[in-house]
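Here are some friendly notes to read alongside the structure. Take the points in order, and keep the 3D view open as you go.

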Amino acid sequence: MLFRSPHEEAPFAKVAKKAERIVLEQGGMTAELRQEAGSWKVGHSTGSFYAADGNLVQALVAGLQSLQLDAEMSTRADRAADYDLTLDSGMVVRLQDATGLKMAEGLFGKQAPDMAHIYFRYLDKPNVYIGRGVIRGDLGRAAVAYWRSRRLIDIPEAKFQSITTEGPGFKTELVRTSTDVWTMNGKVVETGLVDALVGT
């Protein structure tokens with residue numbers, strides 16, 4: 001097996017944290033992540049954007065920043081499918097600035113048998129590299145639903161002032177009367193129980 005040193009050992013390291021947009025493409029599907037006012041949104045370039053799961057985006061950015069290409073595995077275009085490095089099977093990751101200008105891009109293939117490395121190539125070249133620092137799971141999927149935040153309420157706990165629970169035949173109202181005092185229907189209640197409810 002022939003090994004060659006890659007031309008660029010860390011293709012995303014310098015720009016991963018600076019990118020304002022991350023475009024993911026796989027098998028005809030596309031998802032775009034955009035940073036707006038310090039938080040990430042996800043959607044399609046022509047549609048609506050929704051709150052993205054910050055932990056998933058953080059794992060993606062950290063993985064891209066850590067990617068190191070160790071060796072060149074192949075220069076043959078006909079070997080791309082062996083590494084899942086086709087546009088149908090691989091994951092295209094494109095980093096852009098706020099105006100949509102491309103900063104870096106590449107195609108990620110399958111995880112190597114040792115599960116510590118991943119196959120990678122540049123979109124404009126057939127050369128296949130083996131890299132480390134990112135796993136395929138951190139790249140997620142090119143689907144808006146995958147990246148959307150699952151939080152129904154995005155309000156800091158300290159800003160909760162009242163919680164009303166209502167059902168057939170009953171209504172219960174919790175009201176914050178001071179920083180750490182809550183009342184239920186006018187009577188002081190145990191703070192720990194309310195904190196658990198607010199946290200949930």
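1. Start with confidence. This is a predicted model, and the mean pLDDT of the protein chain is 91, with 96% of its residues at 70 or more. Confidence is highest in strand β6 (residues 91–96), at 98, and lowest in helix α3, at a mean of 85.

2. Next, find the nine-stranded sheet. Its strands follow the order β4-β3-β2-β1-β6-β7-β8-β9-β5, and the sheet is open, with antiparallel pairing. At the edges sit β4 (49–51) and β5 (68–74), each of which pairs on one side only. On average, neighbouring strands here are turned by 30 degrees against each other, direction ignored. If pairing is new to you, strands of a sheet pair through backbone hydrogen bonds, either parallel or antiparallel.

3. Zoom in on one pair in that sheet. Strand β1 (residues 21–26) and β2 run antiparallel and are joined by six bridges.

4. Helix α1 (residues 54–66) lies across β1, β2, β3 (39–43), β5, β6, β7 (102–111) and β9 (128–132). Which angle does α1 make with β1? The helix runs at about 85 degrees to that strand.

5. You will find Arg34 in strand β2 (residues 29–36). Which side chain makes a polar contact with the side chain of Arg34? That partner is Glu32, at 2.6 Å. Leaving aside neighbours within four places in sequence, Arg34 is also in contact with several residues, including Glu20, Arg21, Trp40 and Phe49.

6. Move on to the four-stranded sheet. This open sheet has the order β10-β11-β12-β13, and its pairing is antiparallel. The edge strands, each pairing on one side only, are β10 (162–167) and β13 (187–189). Neighbouring strands are turned by 30 degrees against each other on average, direction ignored.

7. Follow the pairs within this sheet. β10 and β11 are paired in the antiparallel sense over six bridges, and Gly167 stands opposite Phe170 in β11. These two strands form a hairpin with two residues between them, and Gly169 in the turn has a positive phi of about 85 degrees. Further along, three bridges join β12 (residues 181–184) to β13, again antiparallel. Here, Met184 has Lys187 in β13 as its bridge partner.

8. This sheet has a helix packed on it too. Helix α3 (residues 191–199) touches β10, β11 (170–178), β12 and β13, and its direction makes about 90 degrees with that of β12. Remember from the first point that α3 is where confidence is lowest, at a mean of 85.

9. Finish with the largest pocket. How much space lies in it? The answer is about 280 Å³. Which element gives the most to its lining? That is α3, with three residues. Residues lining the pocket include Arg151, Leu152, Ile153, Glu157, Phe160 and Ile163, and also Leu197, Val198 and Gly199.

Definitions and conventions: Residues numbered from 1 in each chain as written. Predicted model: local features only at pLDDT ≥ 70, side-chain atom pairs only at ≥ 80, totals over all residues. Heavy atoms only, no water. Pairing = 2+ DSSP bridges. Axes fitted to C-alpha atoms, helices over the stretch in contact; angles between N-to-C directions. Contact = heavy atoms within 4.5 Å. Polar contact = N/O pair within 3.5 Å; in protein donor to acceptor, adjacent residues only side chain to side chain. pLDDT = per-residue confidence, 0-100. 1 Å grid on protein atoms, 1.4 Å probe; cavity = no way out; pocket = protein on both sides within 12 Å on 5 of 7 lines; lining within 4 Å. Points joined across faces, edges and corners; volume = space filled by probe spheres on them.
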